[in-house]
Amino acid sequence: MTMSKTGCQGCRDGGPLPFGFTMAFQPILDVSRNRVWGYEALVRGEAGEGAGWVLGQVDESNRYRFDQACRVRAIELAGALFPDTETRLSINFMPNAVYEPAACIRATLEAARRVGFSHQQIMFEFTENERMIDVSHVQRIIAEYRRQGFLTALDDFGAGYAGLNLLASFQPDLIKLDMELVRGVAYSAARQTIIACVTTMARELNVTVLAEGVETEAELMALRAAGIDLFQGYLFAKPALAALPAVSSLGGWPAAEAAPPRAA
């Protein structure tokens, strides 16, 4: 990718994607504070097609444009839907689609400014399931995002290529436990021990743990016993297409209707 003083060639050579997409939102709950902490933006087709359908159309020729377009679309929707300036927006990004961190973040900052959405509400997730072509480059991305005031999260922790190595290299603000590690934790002493150790390790590194893919009350209770406060999963709500879903009532957690959009 050609670089210049004004940024990389990809930043200047924008164009429409050959397919349409939108975002679904799934809440992230802070059970210790009895509130919605934020929402993850999940890519979907315009008619509700799954992420696999959309990602199957992404290739080397449009990867950069897709990554940029996802950020902008998520922010535009969040600016209209989110109820306040405290709720976080979590956006997945492709480290291998970021060429120069300071230049490639410009469209994100401009979208946030345009819709009046504070960029300090934004968290960027990167996954260990995507091989890091250049680890030092990812370190530069995270350093720049932190400098800009964004949060960062390592998604799918416990699956993929090198979770512990990535944690040692990056120390993101959050790690998201992979749902396969969460599944059946209430009935698995091995999973309970592993998650307890991960939680203790993260606390010592000043990294917050978020458990995703939570589907049963038993899983929730086991994860709460490990000291985890942030949760995401079908137990609370399924993603809603271009909308904020209602949160199911659960024990001490009150039912919550989708919040109304902010006043313009």
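Here is a walk from the core out to the charged pairs.

Before you start: this is a predicted model, where local features need pLDDT of at least 70 and side-chain atom pairs count only at pLDDT 80 or more, while totals for chains, interfaces and linings use all residues. Residues are numbered from 1 along each chain as its sequence is written, and side-chain values use heavy atoms, with hydrogens and water left out.

**Stop 1: the core.** Select Phe25, Phe66 and Leu89, which touch the most other members of the largest nonpolar core, a set of 64 residues. (A nonpolar core here is buried Ala, Val, Leu, Ile, Met, Phe, Trp, Tyr and Cys residues joined through side-chain atoms within 4.5 Å; buried means under 20% relative accessible area, exposed over 50%, and partly exposed in between, with a 1.4 Å probe and protein chains only.) Now colour helix H3, residues 63–81, which gives the most to this core, with eight residues. (Helices are DSSP runs of H or I, at least four residues, and strands are runs of E, at least two, numbered from the N terminus.) Then pick Leu151, Leu174, Leu210 and Leu230: they are among the eight residues of a second, separate core.

**Stop 2: the aromatic rings.** There are twelve aromatic pairs in the whole structure. (Rings of Phe, Tyr and Trp, the last by its six-membered ring, pair if their centres lie within 6.5 Å; planes under 30 degrees apart are stacked, over 60 edge-to-face, and the rest tilted.) Show Phe25 and Phe82: with ring centres 5.9 Å apart and planes at 70°, this pair is edge-to-face. Phe25 sits in strand S3 (residues 22–30) and Phe82 in the loop between H3 and strand S5 (88–92), 57 residues apart. Both Phe25 and Phe82 are buried.

Phe117 belongs to the loop between H5 and strand S6 (122–127), and is buried, as is Phe82. Next, select Phe93, Phe124, Phe126, Tyr145 and Phe150, a cluster linked by ring pairs.

**Stop 3: helix H5.** Which residues of H5 (residues 106–115) are buried? Thr108, Ala111 and Ala112. They cover an arc of only 100° around the axis, which puts them on the same side of H5. (The arc is that of the directions from the helix axis to the C-beta atoms.) Step on to Gly116, which follows H5 and has a positive phi, near 70°.

**Stop 4: salt bridges.** The count comes to twelve, taking a salt bridge as a side-chain nitrogen of Lys or Arg within 4 Å of a carboxyl oxygen of Asp or Glu. Go back to H3 and pick Arg71 and Asp67, four residues apart, about one turn of the helix. Their closest N and O atoms are 3.1 Å apart, and both residues are buried.

Jump to Glu215 and Arg183, which meet at 3.5 Å, N to O. Glu215 is in the loop between S9 and helix H10 (217–225) and Arg183 in the loop between helix H8 (179–182) and helix H9 (189–204), so the bridge ties together parts 32 residues apart in sequence. Glu215 is partly exposed, at 40% relative accessible area.

**Last stop: Glu212.** Look in strand S9 (residues 208–212). Is Glu212 buried or exposed? At 7% relative accessibility, Glu212 counts as buried. Glu212 contacts residues including Asp155, Lys176 and Gln232, where contact means heavy atoms within 4.5 Å.

How values were computed: Lists of a residue's contacts leave out its neighbours within four places in sequence.
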